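This note sets out several points to consider while reading the model. Please keep the sequence and the structure in view and locate each residue as it is named.

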Amino acid sequence: MLVKVVLIIDKRKEQSIKYKKILESIGISVFVASDFAQSLNLMNMYEPDLIVISDSLTFDIKKAIEQIRVLTYNTRPAIIALSKSNHIQDKIDILDSGADDFLSEPINNEEFQARITAHIRRNFEGYFSEKTMLLNSKASYKMMKRTINNDSDWAIMLIDIDNLEFYKELYGELATDKLLQTYSAIIKSAIDSNDYLGQLSDEDFVVITNNEKAEKIANYLVYAFDTVVSKFYSETDAKRGFMFMHGDDEAEDKVKLVTTSIGIISNKYKKYNDLKQVISSLISTHKLAKYKTESAYV
């Protein structure tokens, strides 16, 4: 799973391989470009969290960094410049061009690893939801884009809680947050380190896994959600299986208890060309699950 991605732009084959191995040893996915033109395609496909760029390129490094900043305005990767130079003015000029850090070579392997890790950690800190501590929609869309561009089998699951707005109206925001946190914990327990769990909104979860596991995960989530959901209601509501909501005319409407609906798409039988196509198919499939009166997946 391409959760943390670094792009190395370096003309030197041996050095780029060395840096790649250092980062891959700590679970970071690394792509290497030997020239600036090649790097632009990789930036568009994988939206890296961090870019390491060397002044070994024939293209001026300051201009390259300025262009990267413009082209990656929405994704804002950290940019680390590598240089043989140790002159203060060179460092200032490169940092002024938009780089986040400047590393003079040769650099200790442990320091290189630690600096990259620190920048990626800082990059991810702004992506977490305060309620669930899961990665937010910006990160999740990035992970989905990386997944469909990577040559592997995948399945994407859109998961939400139906009738949550009625539950929130009756039981309040704190109870609703607790329900969302509990469900996120249930989803976490159903996946492993090779899967991704994030959110597309405060109430929509997304899981990226593989074809073999997706339906098993969905089966478990439907069972586990229906098992625990009664604990979030009063004894009376849980027993009768619905809530009474007050309308504007003081009439009471019956509203069923919350359920979960899960839409799953994969590339097992269909090839997806871009993220828009994936999102459209995922939403359509999820709607089919929502049409059912009980917790379900499609």
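1. Of the 298 residues in the protein chain, 48% count as buried. The model is a predicted one. Its chain contains 11 helices and 12 strands, and the C-alpha atoms fill a box of roughly 75 × 40 × 30 Å along the principal axes.

2. The salt bridges deserve attention next; the count comes to 16. One of them is formed by Arg146 and Asp49, whose closest N and O atoms are 3.1 Å apart. This pair links distant parts of the chain, since Arg146 belongs to helix α6 (residues 137–149) while Asp49 is in the loop between α2 and β3, 97 residues apart. Both Arg146 and Asp49 are buried.

3. A further salt bridge joins Asp101 to Arg115, with 3.0 Å between the closest N and O atoms. Asp101 lies in strand β5 and Arg115 in helix α5, so the pair ties together parts that are 14 residues apart in sequence. Asp101 has a relative accessible area of 13% and is therefore buried, whereas Arg115, at 32%, counts as partly exposed.

4. Asp177 and Lys131 also meet through their side chains in a salt bridge (3.4 Å, N to O). Because Asp177 lies in helix α8 (residues 173–190) and Lys131 in the loop between α5 and α6, the pair ties together parts that are 46 residues apart in sequence. Asp177 is buried at 15% relative accessible area; Lys131 is partly exposed at 27%.

5. Pro106 is located in the loop between β5 (101–104) and α5 (109–125).

6. Which polar partners does the side chain of Ser295 have? The side chain of Asp226 makes a polar contact with the side chain of Ser295 at 2.7 Å. The backbone nitrogen of Thr260 lies 3.0 Å from a polar atom of the Ser295 side chain. Ser295 itself is in the loop between α11 (275–290) and β12 (296–297). Is Ser295 buried or exposed? Its relative accessible area is 7%, and buried means under 20%, so Ser295 is buried.

7. Glu47 occupies the loop between α2 (36–46) and β3 (50–54), and Arg76 the loop between α3 (61–71) and β4 (78–83). Glu47 counts as buried at 17% relative accessibility, while Arg76 is partly exposed, with a relative accessible area of 44%.

8. The last point concerns the surface. Glu165, Glu169, Asp202 and Glu203 form a negative surface patch. Of these residues, Glu165 is placed in helix α7 (residues 164–171). Glu165 counts as partly exposed because its relative accessibility is 47%.

Key:
Residues are numbered from 1 along each chain as its sequence is written. This is a predicted model: local features need pLDDT of at least 70, side-chain atom pairs count only at pLDDT 80 or more; totals for chains, interfaces and linings use all residues. Side-chain values use heavy atoms; hydrogens and water are left out. Patches are made of residues with over 30% relative accessible area and no salt bridge: like charges are joined within 9 Å, nonpolar side chains (Val, Leu, Ile, Met, Phe, Trp, Tyr) within 5 Å. Accessible areas come from the Shrake-Rupley method with a 1.4 Å probe; for residues, only the protein chains shown count as cover. A salt bridge is a side-chain nitrogen of Lys or Arg within 4 Å of a carboxyl oxygen of Asp or Glu. Lys and Arg count as positive and Asp and Glu as negative; His and the chain ends are not counted. The place of a charge is taken as NZ of Lys, CZ of Arg, CG of Asp or CD of Glu. Helices (H or I, at least four residues) and strands (E, at least two) are DSSP runs, numbered from the N terminus. Buried means under 20% relative accessible area, exposed over 50%, partly exposed in between (1.4 Å probe, protein chains only). A polar contact is a pair of N or O atoms within 3.5 Å; within protein, one must be able to donate a hydrogen and the other to accept it, and residues adjacent in sequence count only if both atoms are side-chain atoms.
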